[in-house]
Protein chains: 4
Amino acid sequence: MIVVLKDNPDKRQLENLIAWLKSMGLDIHMSEGHSSTIMGLIGDTSEVDVDLINALEIVEAVKRVQEPYKNVNRKFHPDDSIIKIADDVEIGGGNFQVIAGPCSVESESQVCEVATRVKEAGAKLYRGGAFKPRTSPYAFQGMREEGIKLLLEAKKQSGLPIVTEAMDISHLPLFEDVDVIQVGARNMQNFELLKELGHLDKPILLKRGLSSTLQELLMSAEYIMAGGNEKVILCERGIRTFETATRNTLDLASIPLLKTMTHLPVIVDPSHATGIAHLVKPMAMAAAAAGADGLMIEVHNDPAKALCDGAQSLTPAAFADMMDAVNAILPHAFRG
Amino acid sequence: MIVVLKDNPDKRQLENLIAWLKSMGLDIHMSEGHSSTIMGLIGDTSEVDVDLINALEIVEAVKRVQEPYKNVNRKFHPDDSIIKIADDVEIGGGNFQVIAGPCSVESESQVCEVATRVKEAGAKLYRGGAFKPRTSPYAFQGMREEGIKLLLEAKKQSGLPIVTEAMDISHLPLFEDVDVIQVGARNMQNFELLKELGHLDKPILLKRGLSSTLQELLMSAEYIMAGGNEKVILCERGIRTFETATRNTLDLASIPLLKTMTHLPVIVDPSHATGIAHLVKPMAMAAAAAGADGLMIEVHNDPAKALCDGAQSLTPAAFADMMDAVNAILPHAFRG
Amino acid sequence: MIVVLKDNPDKRQLENLIAWLKSMGLDIHMSEGHSSTIMGLIGDTSEVDVDLINALEIVEAVKRVQEPYKNVNRKFHPDDSIIKIADDVEIGGGNFQVIAGPCSVESESQVCEVATRVKEAGAKLYRGGAFKPRTSPYAFQGMREEGIKLLLEAKKQSGLPIVTEAMDISHLPLFEDVDVIQVGARNMQNFELLKELGHLDKPILLKRGLSSTLQELLMSAEYIMAGGNEKVILCERGIRTFETATRNTLDLASIPLLKTMTHLPVIVDPSHATGIAHLVKPMAMAAAAAGADGLMIEVHNDPAKALCDGAQSLTPAAFADMMDAVNAILPHAFRG
Amino acid sequence: MIVVLKDNPDKRQLENLIAWLKSMGLDIHMSEGHSSTIMGLIGDTSEVDVDLINALEIVEAVKRVQEPYKNVNRKFHPDDSIIKIADDVEIGGGNFQVIAGPCSVESESQVCEVATRVKEAGAKLYRGGAFKPRTSPYAFQGMREEGIKLLLEAKKQSGLPIVTEAMDISHLPLFEDVDVIQVGARNMQNFELLKELGHLDKPILLKRGLSSTLQELLMSAEYIMAGGNEKVILCERGIRTFETATRNTLDLASIPLLKTMTHLPVIVDPSHATGIAHLVKPMAMAAAAAGADGLMIEVHNDPAKALCDGAQSLTPAAFADMMDAVNAILPHAFRG
């Protein structure tokens with residue numbers, strides 16, 4: 001880390017700063033230029049708060065050279081991490097996987113029927129929402145515990161491992177037989193939840209927050225890995241911008257960029273990102289082309305029956321068509 | 001709610017839509033124009049998901065006329081809510097209050113000394129962080145349970161009611177003697193936490209999320225009020241934009257706008273919004289002028305001792321100066 | 001267009017509104033509901049300003065049903081527009097073209113050498129900046145008139161048609177032999193320039209502004225088409241968001257979305273969007289997969305000589321590698 | 001400027017970088033640390049492009065220490081600039097001025113009547129749009145040359161100096177008798193126009209672009225000052241964010257922040273920023289409290305006649321009420 005001091009910094013403040021930095025175990029290189037003094041901080045600066053130093057009166061500017069993340073950093077772990085979810089399902093390191101299923105679990109027949117259909121089309125993991133984060137307290141909040149049971153029933157019938165979202169630490173006991181626990185975009189910085197997940201031995205699917213930078217996403221993954229759980233899958237699902245033509249703005253450049261920063265697998269959720277069913281296929285194809293390690297796709301069953309699952313979901317037939325298109329792209333996709 | 005249909009909508013889909021809307025207890029007015037058909041939905045549409053309808057193939061556009069919030073809505077509660085925090089401390093309805101204190105609780109001497117100083121300067125509530133949401137798992141996470149105890153000690157010594165942040169449902173038992181529970185920006189859509197807080201009989205300070213619209217902020221307040229707890233204070237603390245010269249962009253127009261939408265009090269936190277100490281005073285003055293019901297200000301003690309609290313915090317002397325400036329504005333402030 | 005009125009609207013204001021709308025040639029359908037009155041405006045509403053109506057005291061909400069653009073609207077022109085640039089160079093309607101060349105024109109040898117190299121790799125149009133919009137008045141502003149001459153020399157030598165940016169109406173006489181005139185992101189709403197370009201018989205490459213919605217991009221294209229020039233190519237080049245890891249956020253969902261809204265071709269500029277050379281190839285591949293009609297790529301010559309063209313530019317060898325990767329994707333790309 | 005190099009940088013590339021920096025007249029201080037090498041660039045770095053260096057393969061990070069602007073920089077001009085507009089109208093350095101008038105010039109009676117009314121209420125400058133930037137080519141584009149004539153007539157009758165917007169270099173001859181030329185938000189980076197304005201001896205009102213950083217605003221002011229025209233007034237008018245409850249997000253923290261960066265006066269336009277008439281007064285009051293040097297306010301005449309000017313405009317009576325409220329704040333406003 002580099003700290004540029006202002007001209008003629010107050011001596012006592014400078015001494016305080018140096019003493020405090022040394023107390024954090026850092027070595028300090030002073031290099032006095034003709035109009036400014038530069039301090040080079042050597043050692044582990046991951047605990048140093050850039051904002052705080054930046055705000056000191058005697059400081060002109062601060063620049064972090066070292067990344068603040070360690071366990072997720074590709075520098076210290078050059079090979080792709082491969083996350084094993086089931087005997088025949090791995091993700092990362094060349095293993096591309098598609099997670100598919102309905103937005104919400106609604107009934108046993110629905111959840112089992114969709115599982116059968118997405119499995120036929122080539123999905124290797126099954127998703128469905130039991131706990132649903134909803135903007136309105138008056139909207140359907142999910143089937144909760146009952147929903148988890150139905151998902152496990154679908155798993156038994158289809159053989160597909162299950163991915164579903166936990167919204168609170170208190171829900172975790174219900175997730176024992178769930179294969180992958182999803183952390184939703186709104187919980188990406190629910191640090192207490194992340195710490196708990198760090199103590200599990202189970203893959204975590206971590207979705208990027210609506211207004212989170214890539215570095216913040218990696219710092220949240222670092223929370224999980226710092227606790228000992230190395231099985232983290234990152235998911236780009238769109239960020240909030242001024243553009244309202246799509247629900248969010250899908251940031252596909254994050255795929256190749258994240259993959260230079262971290263060894264963790266990166267998947268993409270074009271359903272939530274766009275909120276528009278006819279954009280899911282082209283964005284799934286684009287994500288595959290850009291080097292994503294997988295996709296997460298909303299698929300609903302009969303639209304005549306489940307009228308209101310339609311906003312961003314594909315029918316099983318449209319999903320199968322999308323899978324064909326993605327599979328045609330994959331052999332030609334970007335690989336670093 | 002108005003739903004504009006596309007030309008020649010598919011009949012079966014239209015019947016499904018109508019049946020589904022009726023099943024939600026809504027009356028439907030069809031008005032067929034020369035090139036488009038308009039459906040007017042009459043009844044309580046707060047449970048209807050605009051995105052879902054918008055995404056149906058047969059729908060051209062949807063427009064919500066009625067707000068999706070009820071308890072927080074000024075239409076149904078025209079008078080300002082006044083939240084009573086202590087015998088002599090009310091906020092809202094013309095009662096302007098300043099909450100002040102350090103970012104983090106660090107020691108008994110620190111927390112008690114700052115309390116004395118901010119009380120002298122006119123603060124009527126005391127804040128301090130015991131549980132600290134930090135981007136990095138390696139950064140100081142707060143004194144937690146011990147921090148709450150120190151805050152309660154400061155309350156005893158100073159007589160000031162205490163405001164502090166809860167990050168997880170599991171922390172709530174520790175907050176029994178806390179006067180106001182703060183929900184941080186990152187937890188504004190932690191719906192499970194909001195539901196729990198809805199069952200308490202204690203004021204809740206709800207901070208706007210970094211990328212939350214005002215309507216989303218009100219929907220989160222609605223979660224708390226729907227549970228029965230009517231003591232909600234809203235807090236504008238800056239939103240995330242492309243501008244990086246300040247940490248966030250303080251949206252002061254939200255004050256008069258929120259006050260037309262809701263009867264709840266609205267306060268402003270210029271410290272976190274700007275992240276720059278010398279901007280706190282002018283933004284506190286501007287917030288007061290625009291009609292805010294209060295302020296939340298970070299104040300640290302001796303900067304030579306507490307070196308790294310400085311980024312956005314005022315010294316007690318600077319805080320007293322700010323209070324004088326705000327008090328001079330208040331008699332001339334905007335009042336609806 | 002639908003206008004929802006507030007309860008008990010002021011009569012005189014309502015009469016004024018109706019009179020004014022009728023004076024614009026619109027028919028008005030009133031439909032009185034139990035708690036609100038809805039006005040349906042029938043006729044050409046493209047000249048009606050939604051913001052203005054929305055702000056009237058008696059108006060609760062306004063919803064545009066009809067798009068405000070006509071000439072660019074796919075509804076009135078269902079087939080893809082194909083823009084002919086040279087005898088053997090068309091873009092749109094299945095014709096995918098790559099525009100390549102240096103950021104700035106620097107010398108005859110540079111501009112001609114790069115032209116040879118990008119032509120060999122398969123580019124069909126040549127770009128280079130003669131007039132350069134620069135944030136700083138002290139930065140190189142381009143070779144201007146001399147730069148245009150060098151580009152025309154490169155065109156003569158390579159046979160490639162030329163694309164270059166005009167920044168002001170007064171420059172246009174110099175562009176007579178230029179094949180495609182580019183309107184830069186910062187000029188997307190330079191309406192006087194757009195009007196002038198509407199009177200030319202020459203293809204215009206219109207780049208999306210940094211904070212422009214897709215509808216605003218189409219309205220700017222409408223300015224050109226309204227003047228009689230139907231040869232407009234749209235270019236997505238990233239929007240400004242809170243994320244600073246890339247220079248801008250490339251919005252690839254705009255490709256399939258624009259193509260449902262308009263018949264005009266849509267190309268993508270991954271060089272400016274990301275600002276990072278190693279992201280150009282994966283984003284070019286993703287854009288091709290998502291159905292773009294072409295790409296615009298910065299290519300520089302010897303990096304040892306042209307040190308500072310490097311930020312977002314590819315070497316000719318890297319460009320050739322990118323072209324191979326894009327050509328492998330194209331047969332499998334999304335086609336509506 | 002500080003350049004942090006990667007470990008073991010390529011020698012030839014490093015030599016090229018050093019040679020190129022020296023060719024720009026910079027001295028270079030190398031300081032080799034244990035894991036990274038830091039180059040300090042000494043001299044005038046305002047012409048160095050941070051993005052370009054940042055993108056070089058051998059570079060880890062770049063940090064600008066010196067601001068890239070000179071003439072507008074308060075460091076080199078510590079006293080407030082006072083811009084003289086007429087014998088008795090100065091702005092800046094403690095002179096607070098209000099510019100008011102209609103959005104568009106529509107007729108002589110309208111333009112003269114509003115001038116009389118805003119003068120009575122205390123406005124010292126008169127504004128009105130003759131050239132109107134409109135998103136749609138089908139919307140009213142202003143009275144143009146005729147509008148300028150009407151404004152000059154209003155100036156003659158009222159004695160108020162005139163502020164109006166120029167959209168293109170070719171319009172400038174019409175502006176000879178205009179007192180202040182406005183550069184609109186969409187033209188903030190119309191660099192050719194800025195250069196022309198730099199050669200005039202007339203005050204320029206420069207509005208911040210919808211997605212422009214404060215540094216970019218200052219760089220655009222630098223374009224004008226670099227040409228010799230020192231009479232620049234900056235105007236905050238809201239930035240584009242995800243929040244759609246207001247038309248733009250008014251960034252009032254920009255007032256005190258700009259005033260530390262530059263000596264130029266800073267005014268605020270709450271009418272365009274919010275787009276909602278009832279927010280104009282509280283935001284005008286907040287801007288005054290935060291230390292603005294003036295305001296720009298839209299005022300229309302009889303709303304029954306000019307129905308559609310209403311969105312963000314005040315009536316003359318509401319404007320007079322706002323002036324009273326602002327005048328009550330001013331003696332207590334923030335002053336550095």
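Author: A salt bridge here is a side-chain nitrogen of Lys or Arg within 4 Å of a carboxyl oxygen of Asp or Glu. The model is a predicted one.

Reader: OK. How many salt bridges over all chains?

Author: The count comes to 64 by this rule.

Reader: Let's take interfaces. How many residues make the contact between chain D and chain C?

Author: Chain D gives 51 residues, and chain C gives 51 residues.

Reader: And how much area do chain D and chain C bury between them?

Author: About 4600 Å². Carbon and sulfur atoms carry 55% of that area.

Reader: How many salt bridges cross there?

Author: The rule finds 4 across the interface of chain D and chain C. One of them pairs Arg240(C) with Glu216(D), at 2.7 Å from N to O.

Reader: Which helices of chain D supply at least two residues each to that side?

Author: Helix 1 (11-23), helix 2 (50-54), helix 5 (191-198) and helix 6 (214-226). By class, the side of chain D that touches chain C has 20 nonpolar, 16 polar and 15 charged residues.

Reader: How many residue pairs are in polar contact between chain D and chain C?

Author: There are 23, counting pairs with both residues at pLDDT 80 or more.

Reader: Switch to chain B and chain D. How many residues are in contact?

Author: 36 residues of chain B meet 36 residues of chain D. The two chains bury about 2800 Å² between them, with 78% of it on carbon and sulfur atoms.

Reader: How many salt bridges and polar contacts there?

Author: The rule finds 2 salt bridges across the interface of chain B and chain D. In one of them, Arg208(B) pairs with Glu243(D), and the closest N and O atoms are 2.8 Å apart.

Reader: Which helix of chain B gives the most to the side that touches chain D?

Author: Helix 9 of chain B, with 8 residues. That side of chain B divides into 21 nonpolar, 10 polar and 5 charged residues.

Reader: What rotation superposes chain B on chain D?

Author: A rotation of 180°, with 0.0 Å of shift along its axis and an RMSD of 0.0 Å. That is the relation of a two-fold axis. Ala286(B) has the C-alpha nearest the axis in chain B, 2.1 Å from it.

Reader: Through what surface do the copies meet?

Author: Through the same surface, because 100% of the interface residues of chain B are also interface residues in chain D.

Reader: Back to salt bridges. Which residue of chain D pairs with Glu60(A)?

Author: Lys75(D), with the closest N and O atoms 4.0 Å apart. Glu60(A) lies in strand 4 (residues 59-63) of chain A, and Lys75(D) lies in the loop between strand 4 (59-63) and strand 5 (83-86) of chain D, so the pair joins two chains.

Reader: Is Lys75(D) buried or exposed?

Author: Lys75(D) is exposed, at 51% relative accessibility. Glu60(A) is partly exposed, at 28%. Lys75(D) also meets Glu67(D) in a salt bridge, at 3.1 Å from N to O.

Reader: Now chain C. What does Lys231(C) pair with?

Author: Asp201(C), at 2.8 Å from N to O. Asp201(C) is exposed at 65% relative accessibility, whereas Lys231(C) is partly exposed at 28%.

Reader: Which residues do shared partners join into one network?

Author: Arg208(A), Glu236(A), Asp251(A) and Glu243(C).

Conventions. Residues numbered from 1 in each chain as written. Chains lettered and ligands numbered in written order. Predicted model: local features only at pLDDT ≥ 70, side-chain atom pairs only at ≥ 80, totals over all residues. Heavy atoms only, no water. Contact = heavy atoms within 4.5 Å. Buried area = accessible area lost by both parts, 1.4 Å probe. Polar contact = N/O pair within 3.5 Å; in protein donor to acceptor, adjacent residues only side chain to side chain. Helix = DSSP H or I, 4+ residues; strand = E, 2+ residues; numbered from the N terminus. Nonpolar A, V, L, I, M, F, W, Y, C, P; charged D, E, K, R; others polar. Least-squares fit on C-alpha atoms with pLDDT ≥ 70 in both. Buried < 20%, exposed > 50% of the residue type's maximum accessible area, 1.4 Å probe, protein only.
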